[in-house]
Amino acid sequence: MRIVVLGATGRTGRPLVEELLRRGHTVVALVRDPVRLGDVAQRVDVVRGDSRSAADLDRLVTGADAVVSALGPTVKEASLHTDTATALVGAMQRAGVRRFVGVSGAGIDVPGDQKSLSARMISKAIQTFAGDVIKDKPAEYEVYAASNLDWTLVRTPRLVDGAATGRLEHFAHRSTRSTQVVRADLAAFVADVIDQGSYVRQAPFFATAK
Ligand SMILES: NC(=O)c1ccc[n+]([C@@H]2O[C@H](COP(=O)([O-])OP(=O)(O)OC[C@H]3O[C@@H](n4cnc5c(N)ncnc54)[C@H](OP(=O)(O)O)[C@@H]3O)[C@@H](O)[C@H]2O)c1
């Protein structure tokens, strides 16, 4: 598949690009600064631009089979995810691309959830006291949920670096027992979701199992 990656230079985006290439996909990376891709730039198609720009996204998604996002705000871009989602849904609709998989947070709630009492309390605390960057996640969810795309938003707890473990724990509506995710495992799960066409129009919880 020809897969667009947003956030390809990030800590999750890098292992995600490697995983997609390892599986034989063609990767198109949106980057603000191609230098930050390093040697990977020679193995992917590079498009320079900003994820909030409709014009950049139109160039990016034309001819793609799917879009995946490991975007994260690197400065105080409190509405990065919502602004990107709004621009991306429009660009994907114009280009006729339907499949989107992105990374969200375990603190957001969606209809049908069966979170434990402790997970519900943590979510409530996050939504009440967190800053604008965290509040961007439920707003992003609403944009994809209202679209006609085949979207998946992967809800993760704390991300950590390290080698892939292969211990992938995921549920549609129930919180994971583990409270952390190795970014390389998240990359493998996002690639699985793309390859298997799973969790369409759902927001599964995902973690690295203990
Ligand atoms: N940290 C946690 O514990 C945690 C928990 C749950 C969920 N998450 C979510 O996981 C996701 C990935 O996190 P991460 O730590 O892997 O991210 P990260 O290392 O901070 O990488 C962020 C990526 O987004 C890119 N980016 C930011 N603004 C952009 C823009 N306007 N246009 C194009 N690219 C842009 C950055 O590009 P540049 O190289 O140009 O800066 C970089 O590639 C985020 O959505 C985060 O909220 C994190």
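Predicted model: local features only at pLDDT ≥ 70, side-chain atom pairs only at ≥ 80, totals over all residues.
Helix 4 covers residues 117–129. At 1.5 Å a residue, its 13 residues should span 18 Å. The end C-alpha atoms lie 18 Å apart, which agrees with that expectation. Of the 13 residues of helix 4, the number buried is 1, so the helix lies largely in the open. Ser-118 belongs to helix 4. Ser-118 counts as exposed because it has 9 C-beta neighbours inside 10 Å, and the cut-off for exposed is 12 or fewer. In sequence, Ser-118 and Ser-175 are 57 residues apart. In space, their C-alpha atoms are 10.0 Å apart.

The chain as a whole comes next. Its secondary structure amounts to 6 helices and 10 strands. The radius of gyration is 16 Å, close to the 17 Å that the globule rule gives for 210 residues, so the chain is as compact as a globular protein of that length. Along its principal axes, the C-alpha trace spans about 45 × 35 × 30 Å. Of the 210 residues, 41% count as buried. Among contacts with a separation of 6 or more, 71% come from residues 24 or more positions apart.

The largest nonpolar core has 55 residues. Val-4, Val-5, Val-67, Val-68 and Val-190 have the most contacts inside this core. Helix 6 gives the core its largest share, 8 residues. Val-5 can be followed in more detail. Residues up to four places away in sequence aside, Val-5 touches Gly-13, Leu-16, Val-17, Val-27, Ala-29 and Val-68.

Leu-168 lies in strand 8, which runs over residues 168–171. Leu-168 counts as partly exposed because it has 18 C-beta neighbours inside 10 Å, and a buried residue needs 20 or more. Beyond its neighbours within four places in sequence, Leu-168 is in contact with Asp-185, Ala-188, Phe-189 and Ala-209. Leu-168 and Ser-178 are 10 residues apart in sequence. Their C-alpha atoms are 10 Å apart in space.

Two residues stand out by backbone geometry. Most residues other than glycine have a negative phi. Tyr-199 is not a glycine, yet its phi is positive, about 55°. Arg-201 is likewise not a glycine and has a positive phi of about 55°. Tyr-199 sits in the loop between helix 6 (183–196) and strand 10 (205–208). Arg-201 is also placed in the loop between helix 6 and strand 10. Their surroundings are as follows. Tyr-199 has 20 C-beta neighbours inside 10 Å and therefore counts as buried. Arg-201 has 13 C-beta neighbours inside 10 Å and therefore counts as partly exposed.

Methods: Residues numbered from 1 in each chain as written. Helix = DSSP H or I, 4+ residues; strand = E, 2+ residues; numbered from the N terminus. Contact = placed C-beta atoms within 7 Å. Rg over C-alpha atoms; globule rule 2.2 N^0.38 Å. Expected span 1.5 Å × (residues − 1). Core = buried A, V, L, I, M, F, W, Y, C linked by C-beta atoms within 7 Å.
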